[in-house]
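Subject: Structure handover

Hi,

I'm passing a structure on to you, with some notes on what turned up in it. Have a look at it first, and then read on below.

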Amino acid sequence: MVNNSDLHRRRAAAVARGIANSLSVYAQRAENAELWDVEGRRYIDFASGISVLNTGHRHPRVVAALQQQLGELTHACFQVTPYESYVALCERLNALAPGQTPKKSILFSTGAEAVENALKIARYHTRRSAVIAFSGAFHGRTLATMTLTGKVQPYKAGFGPMLPDVFHVPFPCAYHGVTAQQSLSAIEQLFKSDLDPARVAALIIEPVQGEGGFYIAPPEFLRSLRALCDQHGIVLIADEIQSGFARTGRMFAFEYSGVEPDLMTVAKSIAGGVPLSAVIGKAAIMDAPPPGGLGGTYAGSPLGCAAALAVLDVIADEQLVERARVLGTQLMTRLKALQAKCPAIGEVRGLGSMVAIELVKNRRADQPDADLTRALVQASAARGLVILSCGIYGNVIRVLSPLTISDALLNEGLELLEAALTDLTAGQMAATG
Ligand SMILES: Cc1ncc(COP(=O)(O)O)c(C=O)c1O
């Protein structure tokens with residue numbers, strides 16, 4: 001029988017090391033919020049393949065939609081012989097996007113591809129080149145998106161030169177002492193010292209930073225950015241790739257601010273595990289590039305569209321937006337209770353069910369504990385829980401369980417996490433009594 005360690009040896013010999021593995025557990029099958037490895041061991045999945053499975057692994061309705069699609073059409077290329085599901089999905093996305101301005105959409109395959117194309121659309125529309133992004137942001141690993149990504153190691157170092165004309169400003173982060181006002185002042189300062197705002201095509205922001213550490217942009221900050229972009233004719237791009245599709249207790253996290261972004265990038269949970277992404281935006285901006293300027297052979301594949309249409313039905317019918325809020329409350333309550341016992345947890349924060357704990361030494365925000373975080377990912381897996389780390393300092397554990405998870409499985413997963421953390425920090429727990 002194939003086992004994890006044999007596979008890991010084969011992997012080391014055959015697969016480039018540039019793609020990292022958080023665990024050396026090889027997945028064989030999965031259902032909703034559970035996953036089994038090649039040795040038959042069962043795990044509760046708090047990672048969802050990095051936020052892809054808000055509707056769970058192999059949701060029956062997604063599987064049925066895919067099976068039907070497999071029997072009809074797997075590829076045509078929308079640019080050659082278009083198909084209805086692409087159009088229908090764009091109609092649904094246009095209706096779901098925040099704000100009243102008429103929308104149009106275009107489909108792609110990956111998150112990075114959506115961000116690349118949002119940038120192209122913004123540049124074409126404004127005939128400007130510069131872009132503002134945030135420190136700690138993650139927008140992808142392609143040349144343009146790694147430039148927008150606000151973390152050098154491991155994403156940018158050695159891969160230069162970067163795309164010119166990209167500027168980073170601090171993301172507001174109360175826990176690390178960066179206020180929204182300081183972030184806004186940094187943009188004003190940038191406009192004074194380095195960058196003519198009349199040259200700025202776009203400002204891109206994640207309403208909740210994903211890879212960066214689940215830091216939440218305050219709603220009033222997003223409103224200030226909206227005003228700033230309006231003042232200077234800058235296209236405001238919301239990157240909802242990790243935060244979208246009910247995860248935060250709203251369909252899109254931007255809804256909490258009441259702000260209508262000009263463009264929005266979505267991917268991950270849009271299609272329940274099938275590669276699909278989209279740029280949704282104000283029709284007048286979306287229509288700026290001429291025919292042929294945007295697209296891709298696999299962009300908006302029939303399988304991706306079929307899965308996404310089923311996902312949108314599941315989110316609505318199973319009321320996953322509301323479920324995300326309930327799960328979020330349970331997570332926050334339970335993790336805050338753990339924080340009271342465990343000094344290694346510096347902060348518990350979340351928006352809906354996008355919840356994280358930040359691990360530190362001596363209860364100090366300026367002493368991130370990346371070693372403990374790495375150890376906790378491994379110790380949780382050893383107990384049967386798949387969980388992900390993130391954060392600019394590598395010291396954040398994020399919960400991204402399917403929104404279709406049962407209360408029983410959520411609690412079981414939290415118990416495993418708690419037991420693993422208690423084991424690893426036994427001395428510290430005892431010291432606080
Ligand atoms: C906010 C955000 N933007 C963009 C991306 C890139 O998406 P992909 O890995 O599908 O290219 C990610 C992936 O984690 C993300 O979280």
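This is a predicted model: local features need pLDDT of at least 70, side-chain atom pairs count only at pLDDT 80 or more; totals for chains, interfaces and linings use all residues.

Let's start inside. The largest nonpolar core has 140 residues, and those with the most contacts inside it are Leu203, Ile205 and Leu263. The element that gives the most to this core is helix α10 (residues 302-317), with nine residues.

Next, the helix pair. Helix α7 (residues 180-193) and helix α8 (residues 219-232) have axes that come within 10 Å and cross at roughly 20°. Angles under 35 degrees count as roughly parallel, so α7 and α8 are roughly parallel to each other. Their crossing is right-handed. On the α7 side the contact is made by Ala180, Ser183, Leu184, Ile187 and Phe191, and on the α8 side by Phe221, Ser224, Leu225, Leu228 and His232.

Finally, the hairpin. Strand β1 (residues 27-31) pairs with strand β2 (residues 34-37) in the antiparallel sense, over four bridges. Arg29 has Trp36 in β2 as its bridge partner. Two residues lie between β1 and β2 in this hairpin, and Asn32 in the turn has a positive phi of about 50°.

Note on methods
Residues are numbered from 1 along each chain as its sequence is written. Side-chain values use heavy atoms; hydrogens and water are left out. A nonpolar core is a set of buried Ala, Val, Leu, Ile, Met, Phe, Trp, Tyr and Cys residues joined through side-chain atoms within 4.5 Å. Buried means under 20% relative accessible area, exposed over 50%, partly exposed in between (1.4 Å probe, protein chains only). Two strands pair if DSSP finds at least two bridges between them. Axes are lines fitted to C-alpha atoms, for helices over the stretch in contact, and angles run from 0 to 180 degrees between N-to-C directions. Angles under 35 degrees count as roughly parallel, over 145 as roughly antiparallel, 65 to 115 as roughly perpendicular and the rest as oblique. A crossing is left-handed if the near helix is turned anticlockwise from the far one by less than a right angle, and right-handed if clockwise. Contact means heavy atoms within 4.5 Å.
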